[in-house]
Amino acid sequence: MHISSLPGPYGIGTMGDNAYRFADFLQRAGQTWWQILPIGPTSYGDSPYQSFSSVAGNPYFIDLPQLERDGLLERDEYERLPWCESETAVDYGRLYQLRYEVLHHAYRRFAQSPPEDYRCFCEENGHWLPDYALFMALKGAHGGRPWSEWEQPLKTREPGAIAAAREQYAEEIGFQMMLQYLFTRQWRALKGYANERGIRIIGDIPIYVPRDSADVWSAPEQFLLDENYEPIEVAGCPPDGFSADGQLWGNPLYRWDAMKADGYRWWIDRFRASAALYDIIRIDHFRGFEGYYAIPGGATTARDGVWRQGPGIELFHAVRAALGDLPIIAEDLGFLTEGVHRLREECGFPGMKVLQFAFDSREDSDYLPHNYPRHCVVYTGTHDNDTIMGWMHTASPEDVRFAWEYLRLTEAEGPNWGMMCGALQSPGDTVILTMQDLLGLGSEARMNIPSTLGCNWKWRAAPDSITPELADRLRHVTGLYRRLPR
């Protein structure tokens, strides 16, 4: 259940009252984990996996009524604005037009009398916050254009140009720094509330960062760029049975030799920041650390890529030496080699099993529950899958028939509950269910269709849909399979 999908009247889910109510719902339901998607500021396409920063928080999640209680907003500055046409879908275009104007009202009051801990916050985050705030200020000054299209002195971070920009855009830089302070304060309060109720947070970090990000602009030496700051090779997936051209993600690849030379400092800093935000970290596309698909920078499809060797266990030894043993889930879906399996096992991380992948009626599958190891995290589906009820209508009839027979599904119970119970009764020591499946929603509630734009990341739960009765039913089946906290 991503933050954006929480119900509420202001266009998108926030870290406000409904987030606290959701933590109460999870406690009543006997749950111990709340998994979310990446929480960074989103860019074109609205994907949480394409963020302007690998460290910063999304200002859209800052709760406006909390700012009113803090004396930073007046109610009429946000209450009557047309945030959305539908309470069950995020309108990112409206958010972009309205949210920052409202938050600027808060900044005018904030700047007059910053909180006592604000200076300490800025100092603690001094290794990334000033560059990020300047990056966002410059993006605004350039009409949102990517940094690769800025004038050369700013593009290449010439010291004189950077110093002049910090002075010229000081107010907007201050605004961006305030947003990160407010986000962090609200996030820590929400996470603390959840933790006090026995709910721990699973966060998600994409393996790659976008080219148009503060990360690449502020540390280009860590990425595979040429002398003109153009990507030499980019990330993606090779052609397969689902896509003849493969997937061209376009993220710049890491310059692993440079990262190794400085002790993987960039990754250590990233994991340190993530460990401060979450109780456990899910690494998206874990297989890229063992071997990654590299596509020429100017390519228009992923057909001409090649596989290259990743940093392997050496990176995780460096992270462990610096930060200790971090709790991590490895997203190990897709095409895997023996080397990927060995790396995950050597790291000791649990992998993922997705129940929707199990029912290929043509062959046996590692995703059938009777094949699961104990040390794994079981999902009915992920953000890239259809909902269970949607899958029932879109999968092949043979696969759906196999699922009904294998799981002994019944109309009386409901196929969504039957499939969720199939996950709960599996040997896997952790099970994650999606809110859409708990609510029994169809394809209209799907979060993402990979390789598409414009229709994704919008789903929100309807007001009053997350009920005590639903919590009690979830608690019953959780207890039935002996998964309640002890």
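Which residues lie nearest the centre of the second largest pocket? Here are some friendly notes to read beside the structure.

1. **Ground rules.** This is a predicted model, in which local features need pLDDT of at least 70 and side-chain atom pairs count only at pLDDT 80 or more, while totals for chains, interfaces and linings use all residues. Residues are numbered from 1 along each chain as its sequence is written, and side-chain values use heavy atoms, with hydrogens and water left out.

2. **The second largest pocket.** Gln35, Val431, Ile432, Leu433 and Thr434 lie nearest the centre of this pocket, which is lined by 44 residues. A pocket is an open set of points on a 1 Å grid over the protein atoms alone, with protein on both sides within 12 Å along at least five of seven lines, and lining residues have an atom within 4 Å of a point. The space in this pocket is about 810 Å³, where a volume is the space filled by probe spheres set on the points, and grid points are joined across faces, edges and corners.

3. **Who lines the pocket.** Helix H17 (435-438) gives the largest share of the lining of the second largest pocket, four residues. Helices (H or I, at least four residues) and strands (E, at least two) are DSSP runs, numbered from the N terminus. The lining has 21 nonpolar, 16 polar and seven charged residues. Here Ala, Val, Leu, Ile, Met, Phe, Trp, Tyr, Cys and Pro count as nonpolar, Asp, Glu, Lys and Arg as charged, and the others, Gly among them, as polar.

4. S1 is an edge strand of an open, parallel sheet ordered S1-S2-S5-S8; S11 is an edge strand of an open, parallel sheet ordered S9-S10-S11. Two strands pair if DSSP finds at least two bridges between them. Three bridges join S1 to S2 (residues 200-205), and Trp34 stands opposite Ile201 in S2. S10 (residues 376-379) also pairs with S11 over three bridges, with Val377 facing Thr430.

5. **The cavities.** A cavity is a set of points where a 1.4 Å probe fits but cannot get out. There are two cavities of 30 Å³ or more. About 190 Å³ lies in the largest cavity; Pro38, Gly40, Ser53, Ser54 and Pro206 are the closest to its centre among 21 lining residues. Helix H11 (265-277) gives the most to that lining, with four residues. The second largest cavity has a volume of about 60 Å³, and its lining includes His2, Asp46 and Trp457.
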